[in-house]
Amino acid sequence: MIPFSLSEKSLFDTKKQSIALFVEHENLETKEVKDLAKEYFPALLAYCKQQEFAGQVGKMVAIPTGDEKMVKTIFIIGLGKKENNKIDIEIFRRALGTLIKAMQRLKIDSCAMSVPEAKLFNVTKEYLAQQIAIICNMAAYHFDEYITDKSRRVNQKPDIELCIKSAYKKDFQEGIEKGDIIAKAVNRARHWIDLPPVALTPTELANKAEAIAKEFDLGIKVFGESEVKKMGMGGLAGVSAGSEQDCKFVVLEYKVKTKNAPTLAFVGKGITFDSGGLSLKPPRYMETMKEDMSGAAAVMATMQVIAQLKPKVNVIGLTPLSENLPSDKATKPGDILKFYNGLTAEVKNTDAEGRLILADALSYAVKHYKPDAMIDIATLTGACAHALGPFFSGLMGQHPDLIEKIKKAAETSGDRVWELPFSNDYKAAVKSTVADICNIGNEKIMAGAITAGFFLQHFVGETPWAHLDIAGTAFDVPDISYYAGGGATGVGVRLLVDIALQWQQ
Ligand code: BES
Ligand code: ZN
Ligand code: ZN
């Protein structure tokens, strides 16, 4: 984790290797910039001009001072122009990402940062500090433990001093503390996702859940394959049938003492590798399928945060974990599976396996916890990734209050969602002539992301429920600075955390 320090001294008193400041477009000639120029680099403004830098969004100049002993580099990062009298906080997140990545590229280990006023983004100081902690740590994340050449590894811990007014100190301390907790969990989820599938089997992921439960004092139940079968979870057992690895069903429980507190259930898809099964994927589509447990990772990491930030709601995290592989034991197209709630489904395509394992987990959550709201999160369909690309997760549901809460949390957290139409017109798509429902949608209705959602709806009963499809947003997201380098994004952790924290507001 990045060691942040707070300083009330001026930027010029810093002992750090670099200085960073943020400027609005065409507002470069601030007192701060002019003072910096005077102190370190008289031709600073001319240099910016030459670089055509005027504070545009996404642009940065890294100015070498020529002084190798003290401040080596000055970073000036553009925030663009105000719109509706403010700058979108996401622009600031990306500006921070740009800074951290540049520090790593230039091998600069420390930085004194002039923090913009919270009111520029129309947010509180505590929230601003929290976002700084989250994003700097997310940007500093690298998955390079398997690279033996040490020179190719990155310093994950640049040291950052935030220069703020003394009156801001308390708010900033609190924000950073909270942000650190969230960032740690996001990066932990990313690490699990980035691990090769041979190292992160269902058993291994269940072990990680056990470790979290122990470290943060959460309740936990772990069911192995034989128990899964005995309980009647034919979806999870059916998907796992082709694999030598035991499947697992993990339930993490955070319970508050308050009587009558509401209960939230978060359900995450945990396919540790999706080959497609007998409906085998083509190689190109299989390449990144270690990402197919991103929903489960998000749920587990969220539980770790919940255990620390202690919202006044019960939160249950449920994760069905399995591999999806072909073999002579594997479930075949044409097979019919029976789920925990008694419904049956015809399996026409073994690559539509996520909904099969989620069906059991959703049914289990409804039966055992009667949640006031339930949200599942899954790398469920290529169709969703095609529809929305890598920048928005798909959101589906028929409970407007819950949808609104999720949209609000998407705004505060930065994990953006886009609601897809979820009208009953699509329901007919998952009909089957030989079982209750079919695991792939009717070709005429298309809309694969939505029809997958309607498959899941059969398992939620009357519970207010929403579905998040993160197939496009979980892995290798381009063009967002704090995800640069590719790999897992940890999408969903920030979102689910904010949903739980904001639940009672
Ligand atoms: N895990 C995939 C979906 C996916 C695709 C996740 C791309 C991340 C990136 C899922 O299990 C799958 O294969 N879905 C099929 C469903 C189809 C057979 C109805 C798909 O989307 O093609
Ligand atoms: Zn699949
Ligand atoms: Zn899958």
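## Aromatic pairs

F459 is buried, at a relative accessible area of 2%, and F455 is buried at 0% (buried is under 20% relative accessible area, exposed over 50%, partly exposed in between, with a 1.4 Å probe and protein chains only). The model is predicted: local features need pLDDT of at least 70, side-chain atom pairs count only at pLDDT 80 or more, and totals for chains, interfaces and linings use all residues. Residues are numbered from 1 along each chain as its sequence is written, and side-chain values use heavy atoms, without hydrogens and water.

The structure holds 16 aromatic pairs. In one of them, the ring centres of F455 and F459 are 5.6 Å apart and the planes stand at 35 degrees, so the pair is tilted. Rings of Phe, Tyr and Trp (its six-membered ring) pair if their centres lie within 6.5 Å; planes under 30 degrees apart count as stacked, over 60 as edge-to-face and the rest as tilted. F223, F249, Y340 and Y364 are linked by ring pairs into a cluster.

## Charges over rings

K405 lies over the face of W503, 4.4 Å from the ring centre, and R416 over that of F392, at 4.5 Å. The criterion is NZ of Lys or CZ of Arg within 6 Å of the ring centre and within 35 degrees of the ring normal.

## Open sheet

Six strands form an open sheet of mixed pairing, in the order β1-β6-β5-β2-β4-β3 (strands are DSSP runs of E, at least two residues, numbered from the N terminus; two pair if DSSP finds at least two bridges between them). β1 (4-7) and β3 (60-64) are at the edges with a single partner strand each, so one side of each has no neighbour in the sheet.

β3 runs antiparallel to β4 (residues 73-78), joined by five bridges. I63 has I74 in β4 as its bridge partner.

Methods. Chains are lettered from A and ligands numbered from 1 in the order in which they are written. Helices (H or I, at least four residues) and strands (E, at least two) are DSSP runs, numbered from the N terminus.
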